[in-house]
Amino acid sequence: MENTKSERNSFTGSIGFVLAAAGSAVGLGNIWRFPYFAAKDGGGLFLFIYLIFALTFGFTLLATEIAIGRKTRESPLTAYKKLNKNWAFLGFFSFIIPFIIYPYYCVIGGWVLKYVVTYVSGMGSHAVQNGYFNSFISGYWQPLLFMAIFSILSFYIVYRGVENGIEKFSKILMPILVVIILFISIYTMFIKNTDSNGVTRTGFQGLAYYLIPNFEGLTFRKFLLICLDAMGQLFYSLSIAMGIMIAFGSYMKKDVNLGKSVNQIVLFDTLIAFLAGLMIIPSVYVFKGVDGMSAGSSLMFVSLPEIFNSLGIFGNVLGAIFFIMVLFAALTSSVSILEAIVSSMMDRNKWSRKKSAVIMAGLTFIVSIIVCLGYNLFFFDIKLPNGSKGQLLDLLDYTSNNILMPVTSLLTCILVGWICKPKTMTEEITLNGEKFRRRGLYVIMVKVIAPALLFILLLTSFGVFG
């Protein structure tokens, strides 16, 4: 068997690590999921709660996973066994989660690529035709083609390795992503529209809707649900429990300030999520009012194209810029998810990177084909435990994000907080004598508060608080 230890490379420094990890965190969830929750859950109230969770809950879980990776120098599949051989099963959880997520993420990435081609070719007006999106995803060859192209792009970057692939890719795309988001965010502040009833709405009114807390009809139960939404979104956006941060931590050099890097990732991710809301909510408010906020997951593929179409030729240009930006975000995340799978095979089976990448990309590609066909050949409607209905993609998403991820993080907190003890992680965080000002917060979070929150989140997934 091929020895991978000699091949196991690393990020060149803290900047490369932070940009790659932030690139993983900044994905489709930040672009459309965060704005949806912010609009639904009282604007500024959701933002405030989200920020509190980011600085406590998010920091704790993120720091723990990165510390596990750097301490063990192992991939998600093998790292837990090195911490405690009786908890090796957690490694399987950390492997199976990205293996489930990656195939359907490539399918959605293919959808984004389709819209990039539509707008770049000047055919943005087609995207607002009745049933355009549903007609596309229920087709046969087009979804498969775009999914395949997106998958190949992700595979190629991972195939090239950490320094020449993931790090170099992140250093180029992440700054571009920030510039595009900033441009669209600023632009939306200055747009206005008069609807058929003669009501004029401006981007600044939409900004106020986004930033000012709305306490109307707020009850304790509703406040609890907003907290759970914020926690769930943070869980989703920081790539926690996907094995990604353990893999990236294992590539992190020992002389890098781990705590500082975690702070930078949380800050970067929160900033991008905030800007995504700034980019989307005011524009939807201007053209569709408060009712437009209820579009949910269809916001990006249905509502926004209608807005772009109303802006004429410039709308087509803006649409192209927007979907290129979303494509960049989707790629940075998909690359990280595939890397978690590939690194596990390298460490578990002692395969080379190239062999691991080819085999894992091939297996997940087969699953992606099945998911694509879940809107035609394998179409079905299934009722999920939380009461919602969905197809094959929704089932995989629910299983990974609503069940396996909270369970994995909950058990990780128990392992670190009560079996290995928090000192195991705090020693890694302060390896080079760095100050850890949030040590006390970290200990109480990983031992008590985070497990309790995760347990509540898990109950919510089964509709207990629905």
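The second largest pocket is lined by F59, N257, G259, K260, N263, I429, E434, K435, F436, R437 and R438. A pocket is here an open set of points on a 1 Å grid over the protein atoms alone, with protein on both sides within 12 Å along at least five of seven lines, and a lining residue has an atom within 4 Å of a point. The model is predicted: local features need pLDDT of at least 70 and side-chain atom pairs count only at pLDDT 80 or more, whereas totals for chains, interfaces and linings use all residues. Residues are numbered from 1 along each chain as its sequence is written, and side-chain values use heavy atoms, with hydrogens and water left out.

This second largest pocket holds about 170 Å³ of space, a volume being the space filled by probe spheres set on the points, which are joined across faces, edges and corners. Its lining comprises 3 nonpolar, 3 polar and 5 charged residues. In this classification Ala, Val, Leu, Ile, Met, Phe, Trp, Tyr, Cys and Pro are nonpolar, Asp, Glu, Lys and Arg are charged, and the others, Gly among them, are polar. Helix α12 provides the largest share of that lining, with 3 residues; helices are DSSP runs of H or I with at least four residues, numbered from the N terminus.

Two or more of its lining residues come from each of α8 (162–188), α12 (258–288), α13 (299–310) and α14 (312–349). Among the lining residues are I184, Y187, M279, F308, L318 and F322. By class, 10 residues of this lining are nonpolar, 2 are polar and none is charged.

Helix α14 is largely enclosed by the rest of the structure, because 31 of its 38 residues are buried, that is, under 20% relative accessible area with a 1.4 Å probe and protein chains only. Just after α14, K350 takes a positive phi of about 60°.

The cysteines remain. The model has 0 disulfides, a disulfide being a pair of cysteine sulfur atoms within 2.5 Å. C372 is buried at 2% relative accessibility, and its sulfur lies 9.6 Å from the closest cysteine sulfur, in C106, too far for a bond. C413 is buried at 1% relative accessibility; its closest cysteine sulfur, in C420, is 12 Å away, so the two are too far apart for a bond.

Notes:
1 Å grid on protein atoms, 1.4 Å probe; cavity = no way out; pocket = protein on both sides within 12 Å on 5 of 7 lines; lining within 4 Å. Buried < 20%, exposed > 50% of the residue type's maximum accessible area, 1.4 Å probe, protein only.
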